[in-house]
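Please examine the sequence and the three-dimensional structure shown below. The explanation that follows them is intended to be read with both in view.

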Amino acid sequence: MLQIRCKNNGITKSFSEGTSLVEVYQAYADELHMAYPVVSAKVNNASQGLKFRLFNNRDVEFIDASDGSGRRVYVRSLC
């Protein structure tokens with residue numbers, strides 16, 4: 001089991017190996033209350049897409065479209 005700490009709210013939860021960031025976000029969605037849709041995440045301070053799979057313990061920070069980095073990800077996905 002992996003220990004994933006969400007930096008947005010400081011809560012750590014356990015997940016199985018190979019869990020995607022989308023699945024992790026869904027587990028934290030009730031506590032996060034993001035103003036805009038989540039478009040990416042920082043995994044140990046490295047930007048990753050939501051399809052990225054986790055195989056080690058990590059710190060994850062979800063990025064929504066209100067953040068500068070999130071806006072750039074959103075614009076690139078439109079192109």
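The paragraphs below treat the sheet, the helices, the nonpolar core and the aromatic pairs in turn.

The model is a predicted one. Its sheet is open and consists of 5 strands, arranged in the order E2-E1-E7-E4-E5 with mixed pairing. At the edges stand strand E2 (12–15) and strand E5 (46–48); each has a single partner strand, so one side of each is left without a neighbour in the sheet. On average, and with direction ignored, neighbouring strands are turned by 35° against each other.

Strands pair through backbone hydrogen bonds, either parallel or antiparallel. E1 and E7 are paired in the parallel sense over 3 bridges, and within this pairing Ile 4 is placed opposite Arg 58 in E7. E4 and E7, by contrast, run antiparallel and are joined by 5 bridges; here Val 38 has Asp 64 in E7 opposite to it. E4 is also joined to E5 by 3 bridges, again in antiparallel fashion, and Lys 42 has Ser 47 in E5 as its bridge partner.

Two helices may now be placed against this sheet. H1 lies across E1, E2, E4, E5 and E7 and runs at about 145° to E2. Helix H2, residues 68–78, lies across E4 and E7, with an angle of about 120° to E4.

Strand E4 also contains Ser 40. Is this serine buried or exposed? Ser 40 counts as buried, because its relative accessibility is 5%, and the limit for that class is under 20%. Beyond residues up to four places away in sequence, Ser 40 touches Gln 48, Leu 50, Phe 62, Ile 63 and Val 73.

In soluble globular proteins, nonpolar side chains tend to be buried together. The largest nonpolar core of this model has 14 residues, and those touching the most other members are Ile 4, Leu 21, Val 24, Tyr 28, Leu 54, Val 60 and Phe 62. Two or more residues are given to this core by each of strand E1 (2–6), helix H1 (21–32), strand E4 (38–43) and strand E7 (58–64). The largest share, 4 residues, is that of H1.

In one of them, the ring centres of Phe 15 and Tyr 28 are 6.2 Å apart and the planes are at 50°, so the pair is tilted. Since Phe 15 belongs to strand E2 and Tyr 28 to helix H1, the pair ties together parts that are 13 residues apart in sequence. Phe 15 and Tyr 28 are both buried. The other pair, Tyr 25 and Phe 62, is edge-to-face, with 5.3 Å from centre to centre and 65° between the planes. This pair links distant parts of the chain, namely Tyr 25 in helix H1 and Phe 62 in strand E7, 37 residues apart. Tyr 25 is partly exposed, its relative accessible area being 23%, whereas Phe 62 counts as buried at 2% relative accessibility.

Finally, Tyr 28 has a further neighbour in Lys 13, which lies over the face of the ring at 4.9 Å from its centre.

How values were computed:
Residues numbered from 1 in each chain as written. Predicted model: local features only at pLDDT ≥ 70, side-chain atom pairs only at ≥ 80, totals over all residues. Heavy atoms only, no water. Core = buried A, V, L, I, M, F, W, Y, C linked by side-chain atoms within 4.5 Å. Buried < 20%, exposed > 50% of the residue type's maximum accessible area, 1.4 Å probe, protein only. Pairing = 2+ DSSP bridges. Axes fitted to C-alpha atoms, helices over the stretch in contact; angles between N-to-C directions. Contact = heavy atoms within 4.5 Å. Phe/Tyr/Trp six-rings, centres within 6.5 Å; stacked < 30°, edge-to-face > 60°. Lys NZ or Arg CZ within 6 Å of the ring centre and 35° of its normal.
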